[in-house]
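Trainee: I would like to learn how to read a protein model, one feature at a time. Please show me the example before we start.

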Amino acid sequence: MLSKSNSKSKVTIFRCLFVILLITNSYGQNTTYNQFWNEIQFNQTLSKKWATEIDFAAAYSGTESSSNLFENTIQRSIRGWGHYYFSPRWKFSAFIAYFNNRDVPEIGQFESPETRFALQGIYYFHKTGYTLSTRMRAEFRHMRNEDDDYENVFRYRQQIKYIQPINSKILRSGVVYAIASDELYFKSGAKVTGESFFDRNRLNIGAGYLFSDDIQVELTYCNEYLPRNSGNQTTNAASLTLTFNNLIRNLKKKIEAKKHPEIKDEE
């Protein structure tokens with residue numbers, strides 16, 4: 001009975017994500033861009049409850065007339081996190097970040113440096129054979145508009161995410177896993193981002209691989225729908241994320257092991 005229940009839950013989740021994709025693409029979209037996003041994450045465990053993280057990211061885009069994903073560099077960013085593991089089900093986080101949004105007239109983007117602060121909570125539904133979570137994030141964005149003035153924008157994001165190990169029942173070293181998520185964005189009105197309350201919908205589907213407990217890679221396809229006053233926009237993006245956990249600590253251990261091989265032999 002447990003297996004049948006899990007199977008029904010998985011089918012329901014994928015059906016919901018499929019319906020969202022159909023609804024997203026049913027809108028009268030005027031412009032479509034192909035993009036590539038990449039991010040490198042470095043996580044450091046401080047204790048059983050606390051961890052830090054720093055991310056470096058970049059985004060590239062084609063234009064209406066060119067499908068070359070790397071034709072323009074449209075954004076670079078750096079983000080610093082603090083994570084608190086409140087319980088097995090709840091994880092609370094905060095970050096401060098700087099985004100360098102480049103001037104790219106070919107896709108209707110102007111130079112808009114941005115400082116961003118966010119508070120986030122993730123709730124995990126622990127299931128047998130897969131992981132389901134929902135993420136809530138509130139963002140405060142301080143951005144430059146086309147008039148060279150700075151505006152404050154508040155944005156709320158709600159995501160649901162599904163992870164399914166492929167060649168194992170749990171996530172561990174050597175395991176390939178499937179990913180599916182959908183996220184809705186809502187924002188306050190501003191000149192720099194537009195007056196509409198609904199900001200965008202982002203659907204991700206892809207896979208990841210755990211090289212070890214401390215190194216993993218994820219490759220996903222993202223379909224993003226953005227309603228805008230000047231015309232709706234759809235983005236098809238390939239996204240690559242590389243994650244390192246406790247990199248400095250692990251490197252120190254390897255260096256010490258090479259300097260003092262007798263310690264390992266004694267153990």
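Mentor: Helices and strands here are DSSP runs numbered from the N terminus, a helix being H or I over at least four residues and a strand being E over at least two. This is a predicted model, in which local features need pLDDT of at least 70, side-chain atom pairs count only at pLDDT 80 or more, and totals for chains, interfaces and linings use all residues. Residues are numbered from 1 along each chain as its sequence is written, and side-chain values use heavy atoms, leaving out hydrogens and water.

Trainee: Where is the place of Ser-93?

Mentor: Ser-93 belongs to strand 4, which covers residues 90-101.

Trainee: Does Ser-93 count as buried or exposed?

Mentor: Buried means under 20% relative accessible area, exposed over 50%, and partly exposed in between, using a 1.4 Å probe and protein chains only. Ser-93 counts as buried because its relative accessibility is 7%.

Trainee: Which residues does Ser-93 touch?

Mentor: Contact means heavy atoms within 4.5 Å. Leaving aside residues up to four places away in sequence, Ser-93 touches Trp-81, Gly-82, His-83, Ala-118, Leu-119 and Gln-120. The side chains of Ser-93 and His-83 are also joined by a polar contact of 2.6 Å. A polar contact is a pair of N or O atoms within 3.5 Å; within protein, one must be able to donate a hydrogen and the other to accept it, and residues adjacent in sequence count only if both atoms are side-chain atoms.

Trainee: What about Asn-72: is it buried or exposed?

Mentor: Asn-72 sits in strand 3, residues 72-85, and counts as buried because its relative accessibility is 15%. Among the residues that Asn-72 touches, not counting those up to four places away in sequence, are Tyr-60, Val-104 and Glu-106.

Trainee: How many strands does the barrel have?

Mentor: Strands of a sheet pair through backbone hydrogen bonds, either parallel or antiparallel. Two strands count as paired if DSSP finds at least two bridges between them. Here eleven strands form a closed barrel in the order 1-2-3-4-5-6-7-8-9-10-11, with mixed pairing. From one strand to the next, the twist averages 20°. For such angles, axes are lines fitted to C-alpha atoms, for helices over the stretch in contact, and angles run from 0 to 180 degrees between N-to-C directions.

Trainee: In which sense do strand 1 and strand 11 pair?

Mentor: Strand 1 (residues 31-45) and strand 11 (residues 233-245) are parallel, with 13 bridges. Tyr-33 has Thr-235 in strand 11 as its bridge partner. Helix 2 (residues 247-259) packs on the sheet and touches both strand 1 and strand 11, its direction making about 50° with that of strand 1.

Trainee: In which sense do strand 6 and strand 7 pair?

Mentor: Strand 6 (residues 130-144) and strand 7 (residues 150-165) are antiparallel over 14 bridges. Five residues lie between them in the hairpin, where Asp-148 takes a positive phi near 65°. Arg-144 has Tyr-150 in strand 7 as its bridge partner.

Trainee: Over the face of which residue does Arg-79 lie?

Mentor: A charge sits over a ring if NZ of Lys or CZ of Arg is within 6 Å of the ring centre and within 35 degrees of the ring normal. Arg-79 lies over the face of Phe-95, 5.0 Å from the ring centre. The charged end of Arg-200 sits over the ring of Tyr-185, at 5.6 Å from its centre.
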